[in-house]
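Please keep the structure in view while reading.

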Amino acid sequence: MPGTDPRESVHKQAPTMGGVPNVTRADAAAAVRNPLAFIAALWTPDPRTVRRAALAPLVMSVIIVVTGGAVRLTGSGLGCPTWPKCTDDSLTATSEMGLHGAIEFGNRMLTYVLCAAVGWAIIAARSEKPYRRSLTRLGWAQFWIVMSNAVLGGIVVLVGLNPYTVAAHFVATTALITVAAVMWQRTREGDAAPRPLVGKAVRQLVWVLIAVSALLVLVGTVVTGAGPHAGDSSDVPRMPVDWETVSKVHAVLAWVVVTLTFALWFVLKAVDAPKGPLARTRDLFLVLLAQGVIGYVQYFTDLPEVLVGLHMFGSCLVWIATLRVLLALRERPEESAVAPGPAVEATLTRA
């Protein structure tokens with residue numbers, strides 16, 4: 001208005017930010033009793049946030065495998081000679097322990113990052129609306145696998161890198177990758193009963209592929225346990241098997257997986273399967289080819305550390321790609337609301 005001081009109109013503008021809600025004593029008690037339910041009551045994440053939260057533990061699980069391989073390949077497995085402390089007198093690595101201590105302690109610290117990723121996935125799943133119990137359970141399953149594997153990792157150190165405990169440590173991480181991959185897939189699906197997209201014979205073929213791939217991973221741990229990279233410069237025991245023989249068995253299993261994948265792709269084309277299973281099978285085939293090239297090159301070049309590390313990374317990608325083939329064979333739509341029956345409709349009409 002004319003004659004009005006413009007500074008006065010600015011001062012009279014309504015605040016753009018809402019006030020901070022008061023937290024009562026009852027709210028604080030509820031948060032202590034069930035913090036997840038308290039967060040869920042205040043926050044509803046969008047579906048994209050839930051998917052990203054579920055992807056975080058999967059990515060961190062693969063990173064843990066790669067950094068664990070770096071610990072082994074640099075001979076830093078006993079860089080921290082005890083557990084849960086790094087030394088008898090120090091929780092962290094000391095300067096006297098050098099690079100090996102820093103590498104081993106750094107890998108231990110990544111476990112806390114993995115725990116944070118799993119916790120974030122649990123919170124996001126618990127806060128999603130409507131509440132999906134199955135999704136939250138997959139998050140908690142990851143939490144308990146991480147806890148048990150952390151204890152197993154401590155046992156690996158305490159027993160001086162016994163190759164059988166090292167193999168069990170890797171298998172447990174593979175189990176974590178499995179659950180994380182399933183949870184990531186479930187965030188993009190509904191909770192209705194799964195509907196198969198292909199016939200029974202095709203599904204059986206994929207289960208054979210899963211079984212042989214799992215055997216390939218297990219034999220790979222034996223190759224590592226019998227191979228030259230013991231994880232430390234000290235006299236670490238190795239698995240009492242011939243490394244050349246078990247490596248050849250590993251290679252044969254890899255070719256079986258490649259053959260099964262190739263056959264599956266042709267079968268899916270023959271039965272005119274949907275694009276999802278075909279695309280996932282193609283992705284697995286490409287990952288297998290890359291992994292095979294790395295495997296043969298490292299074998300004929302006396303296992304250089306860099307290639308061994310890449311091969312460990314590739315083994316994670318192969319297993320994830322195999323699981324995605326299995327999960328692509330069905331769809332789970334959103335649950336639809338049940339239509340009221342005649343008795344319910346009559347009741348509503350009378351009301």
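On a 1 Å grid over the protein atoms alone, a cavity is a set of points where a 1.4 Å probe fits but cannot get out, and its lining residues have an atom within 4 Å of a point. Grid points are joined across faces, edges and corners, and a volume is the space filled by probe spheres set on the points. The model is predicted, so that local features need pLDDT of at least 70 and side-chain atom pairs count only at pLDDT 80 or more, while totals for chains, interfaces and linings use all residues. Residues are numbered from 1 along each chain as its sequence is written, and side-chain values use heavy atoms, with hydrogens and water left out.

A search of the whole structure finds two cavities of 30 Å³ or more.

| Cavity | Volume | Lining residues |
|---|---|---|
| Largest | about 50 Å³ | Phe170, Thr174, Ile177, Val217, Ser315, Cys316, Trp319 |

Helices, which are DSSP runs (H or I, at least four residues) numbered from the N terminus, supply much of what follows. Helix H7 (163-186) and H11 each give two or more residues to the lining of the largest cavity, and H7 and H11 likewise each supply at least two to that of the second largest cavity.

Helix H11 (residues 305-327) also meets helix H8 (residues 200-226), their axes (lines fitted to C-alpha atoms over the stretch in contact) coming within 10 Å and crossing at roughly 165°, on a scale from 0 to 180 degrees between N-to-C directions. H8 and H11 are therefore roughly antiparallel to each other, a label for angles over 145 degrees.

Definitions and conventions. Angles under 35 degrees count as roughly parallel, over 145 as roughly antiparallel, 65 to 115 as roughly perpendicular and the rest as oblique. On a 1 Å grid over the protein atoms alone, a cavity is a set of points where a 1.4 Å probe fits but cannot get out, and a pocket is an open set with protein on both sides within 12 Å along at least five of seven lines; lining residues have an atom within 4 Å of a point.
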